[in-house]
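Please look through the sequence and the structure before reading on.

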Amino acid sequence: MNDATAIAFHDLAPGEDNFRETVLRGLASQPKALPCKLFYDARGSALFEAICDTPEYYLTRTEIGILEANAGDIAARIGPNCRLVELGSGASRKVRILLQALERPVAYVPVDISREHLRQAAARLAADFPGLPVIAVCADYTRPFELPPLSGPPGKTVGFFPGSTIGNFEPDAVVAFLKHCAKLLGPGGEMLIGSDLKKSPDILNAAYNDAAGTNAAFNLNLLERIKSELGGDLDIDRFAHVAFYNEREGRIELYVKSLADQTIGIAGRRFRCAAGELIHTENSYKYAIPEFHALAARAGFQPVQTWTDPGRLFSVHYLRLE
Ligand code: TRP
């Protein structure tokens with residue numbers, strides 16, 4: 001049974017972003033852009049899980065494979081008595097591979113903005129790892145915040161940031177994010193980060209344009225959300241999913257494209273969309289190993305070890321503050 005005493009919940013009350021204001025601001029800007037965090041309502045989260053299961057989207061299964069194949073090595077790097085802090089913990093799935101391998105972890109600290117998901121994931125994890133203190137922190141990890149005191153025998157505090165989410169930041173924002181991780185973890189802080197690698201554009205383009213249309217459904221779900229939550233007056237069939245690898249910038253660019261000259265209505269406002277106009281929804285940067293190390297160095301982190309899969313599709317970096 002669930003050992004409730006092993007869970008602590010620190011609510012740092014992250015401000016709820018106003019969906020309506022964010023959408024209106026994004027569509028009023030030139031070029032039009034909607035921030036990628038808007039993807040993850042309940043349906044969006046389920047569609048993203050479905051993307052992870054498509055044959056083309058190699059990222060999730062490859063990262064899990066790397067973690068499984070190297071769990072012993074990673075655990076040896078981290079050592080005994082660690083506090084493992086996961087930024088954007090979601091369902092806390094990948095961290096289980098680490099927690100199983102770690103020697104006497106002192107605490108698992110999932111950090112997530114989504115309060116109820118965090119509560120549930122923390123409870124499930126605590127039930128599956130009896131005796132492991134789970135100290136959940138509800139916070140927006142993209143903004144500076146502080147960790148609660150993490151008592152116990154001396155050991156490392158290690159940040160875990162899987163999923164190549166780091167690729168969804170602009171490179172300068174990666175440096176700012178890692179600097180704030182450095183502050184959060186304190187002197188001697190270490191991080192384990194998953195990052196997608198540069199590779200053949202064919203593989204990248206296929207991953208973001210799966211044959212079954214799951215990526216398209218996920219991207220266009222943003223318009224479904226606008227329709228249902230804001231009573232948006234728009235026809236989703238007059239928009240299409242666009243994803244392509246921009247080789248010069250080293251990133252997948254994601255857009256929703258207007259298929260016609262049209263005017264859409266949202267919350268009393270009207271927005272013109274030209275035929276072919278692109279509404280930007282996300283970038284997903286792909287870093288070669290030395291590029292990633294150079295970015296990390298700008299935030300004061302040195303590479304300790306990097307693991308990849310045999311196909312060199314994905315990388316997991318172990319970094320240490322110098
Ligand atoms: N964070 C995911 C990634 O960079 C997001 C993603 C996957 C995505 N497929 C998508 C975003 C399709 C928009 C459309 O891989």
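Is cysteine 52 buried or exposed? Cysteine 52 is buried, with a relative accessible area of 13%, where buried means under 20% relative accessible area, exposed over 50%, and partly exposed in between (1.4 Å probe, protein chains only). This is a predicted model, in which local features need pLDDT of at least 70 and side-chain atom pairs count only at pLDDT 80 or more, while totals for chains, interfaces and linings use all residues. Residues are numbered from 1 along each chain as its sequence is written, and side-chain values use heavy atoms, with hydrogens and water left out.

**Cysteines**
- The structure holds 0 disulfides, a disulfide being a pair of cysteine sulfur atoms within 2.5 Å.
- The sulfur of cysteine 36 is too far for a bond, because the closest cysteine sulfur, in cysteine 52, is 15 Å away.
- Cysteine 36 is partly exposed, with a relative accessible area of 23%.

**Contacts of the ligand**
- An N or O atom in the side chain of tyrosine 208 is 2.5 Å from an oxygen atom of the ligand, and a polar contact is a pair of N or O atoms within 3.5 Å; within protein, one must be able to donate a hydrogen and the other to accept it, and residues adjacent in sequence count only if both atoms are side-chain atoms.
- A nitrogen atom of the ligand lies 2.7 Å from a polar side-chain atom of asparagine 215.
- The protein buries 97% of the 370 Å² that the ligand exposes when taken alone, with accessible areas coming from the Shrake-Rupley method with a 1.4 Å probe.
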